[in-house]
Every structure is written in structure tokens, then in C-alpha cells.
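Student: I have a new structure open and would like to talk it through. Could we begin with its pockets and then turn to the salt bridges?

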Amino acid sequence: SSSLTIDLDLRNSSGNDRSDWKVKAEAFDENGVNVLGSGSETGISLRAWSDGTARIETSAENIKLWSAEHPDLYALVLTLTDNRGNVQEIISAQLGFRTIGFTPAAVDSSYRVTTKSWEPITINGKRLLLKGVNRHDTDPFNGKAVPHETLREDIRQMKLNNVNAVRTSHYSNDSYLYWLCNKYGMYVMGETNMESHALMSNNDGKALFYELAMDRTETAFKRLKNNPSIVAW
């Protein structure tokens, strides 16, 4: 079995207190079977115009692990019901189960590698071999306005040519690209929209833009962290 923890950010945008509401989590396989066990529901109470958080901790039985070779996915469905049992909101997302492992190299205070031995990156306990390309978000006819058809063709051509990884040079991409990589099996190096070569030798400039850079980094991670295809940042 595998464990699943769902952290929920909640907002009550009404002028009334909400008590005894519930959020239920379900994860359906390709046959429509919910693989989540007990504990997949949590109660919610929020005062008017307030924010809150909640957590669902549950397990999944007999699940298939996600990889580029076997991109097994589940449809995660979150259902919000009020204190009368009426459904108020439903959202869904792709859900994949996989484990990433690696042994980082030891470095000294000057960031020099001090160990010669290294362990490979693994996915689901097996060595991960990346055969990847850099992808720049562009279309031969539409320039930077890249249609979904081009994104699909990019992934199709990569799979046909035995490419299993893509780096989103040098920024986050349209959400549809990650959806395709999750569905069809493509390892992704996610990137932040933060080209900074001009500041490489400018310490004053680095200090000036530090907070902006960290904000972009944090928001990119929060937006993309739940995609099973992303194995590096």
C-alpha cells in the first residue's frame, strides 16, 4: 500500500460561518474503482471571510507506480459538501504515485565536491536514466502563442524518438504540457522564469533581486509540485 497526504487551503468567501462541512477525497483508476481507504474525509469549520487549512491522511491499496515507461495515473477527486450533505464544489487532478531517491555529493564550505563516489538517481527503486532534450516554448507559425496542438506534437515526437525527459528551458510552461507529460510518461525538469546571467558577477544586483527571485521560485514550486512527471527542479 502507499500513503497519501492531502493538504488543503480553504477560503470562506461568504458572509456566513460554515460549520460541519466536509471534504472527501477519492482516487479512481481506469476502471472507475476508488483505491483510497479509510480516513479519506475531513470535517471543516470556517468563520465568515476567513481562510483555513485541513489535512487528509489516507492510504491507497494495490496501486500502480508512475514512471515514464508505465505512466499509471489516477483521477483524484475532492468533493466539498455542506452540513446538509449537499455538494458545493468538486475539483479533480491527475494523481501519480512514485518515489524519487538520490545520494547527494558531499561539499565543503566553498561548494567543492569532496566525494568521488556517487549513487544514481532512482525512481521506484530503479536507476533513472534520462535521455532528454531542452524544450523552448515556441511555434513555427505562432511564435510564443503556442497552441495545444503543438504541445501534443512535441511530446509525440519525443516519444517516437525514444526521448524520455524534457527540460522546460527556461521557465514554467502551460499547464497542458505537464498534463501531457503525466499522461504519456515524460520525466520533467521544472524551471522557474528567472534568467539571471546578467547578475552573475554583480553582488549588489543579486541582493537587490533576491526577494523577487525567491518569490518566483516558491510560486513555481507550489504551482507544479503535484505533477508526478517532475523529477528535478
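Student: How much space lies in the largest pocket?
Tutor: This is a predicted model, and about 1,600 Å³ of space lies in its largest pocket.

Student: Which residues lie nearest the centre of that largest pocket?
Tutor: Ile-6, Asp-7, Leu-8, Leu-78 and Asn-226 lie nearest the centre, out of 50 residues that line the largest pocket.

Student: Which element gives the most to that lining?
Tutor: Strand E1 does, with ten residues. Other elements that each supply at least two residues include strand E2 (18-28), strand E5 (74-81) and helix H4 (210-224).

Student: And how does the lining of the largest pocket divide by class?
Tutor: The lining of the largest pocket has 26 nonpolar, 15 polar and nine charged residues.

Student: What about the second largest pocket: how much space is there?
Tutor: The second largest pocket holds about 490 Å³ of space. It is lined by 21 residues, and the closest to its centre are Met-194, Glu-195, Ser-196, Ala-213 and Thr-217.

Student: Where do Glu-191 and Arg-167 lie?
Tutor: Glu-191 is in the loop between strand E12 (187-189) and helix H3 (203-208), while Arg-167 is in strand E11 (residues 165-169), so the pair ties together parts that are 24 residues apart in sequence.

Student: Is Glu-191 buried or exposed?
Tutor: Glu-191 is buried, with a relative accessible area of 13%, whereas Arg-167 is partly exposed at 26%. Elsewhere, salt bridges that share partners join Asp-7, Arg-55 and Glu-57 into one network.

Student: Which residue forms a salt bridge with Arg-152?
Tutor: Glu-149 does, and the closest N and O atoms are 3.9 Å apart. The two residues are three apart in helix H1 (residues 148-160), so about one helical turn separates Arg-152 from Glu-149. Arg-152 itself is partly exposed, at 37% relative accessibility.

Student: And what is the N to O distance between Lys-24 and Glu-26?
Tutor: The side chains of Lys-24 and Glu-26 meet in a salt bridge at 4.0 Å, N to O. Lys-24 is partly exposed, with a relative accessible area of 35%, whereas Glu-26 is buried, at 18%.

Methods: Residues numbered from 1 in each chain as written. Predicted model: local features only at pLDDT ≥ 70, side-chain atom pairs only at ≥ 80, totals over all residues. Heavy atoms only, no water. Buried < 20%, exposed > 50% of the residue type's maximum accessible area, 1.4 Å probe, protein only. Helix = DSSP H or I, 4+ residues; strand = E, 2+ residues; numbered from the N terminus. 1 Å grid on protein atoms, 1.4 Å probe; cavity = no way out; pocket = protein on both sides within 12 Å on 5 of 7 lines; lining within 4 Å. Points joined across faces, edges and corners; volume = space filled by probe spheres on them. Nonpolar A, V, L, I, M, F, W, Y, C, P; charged D, E, K, R; others polar.
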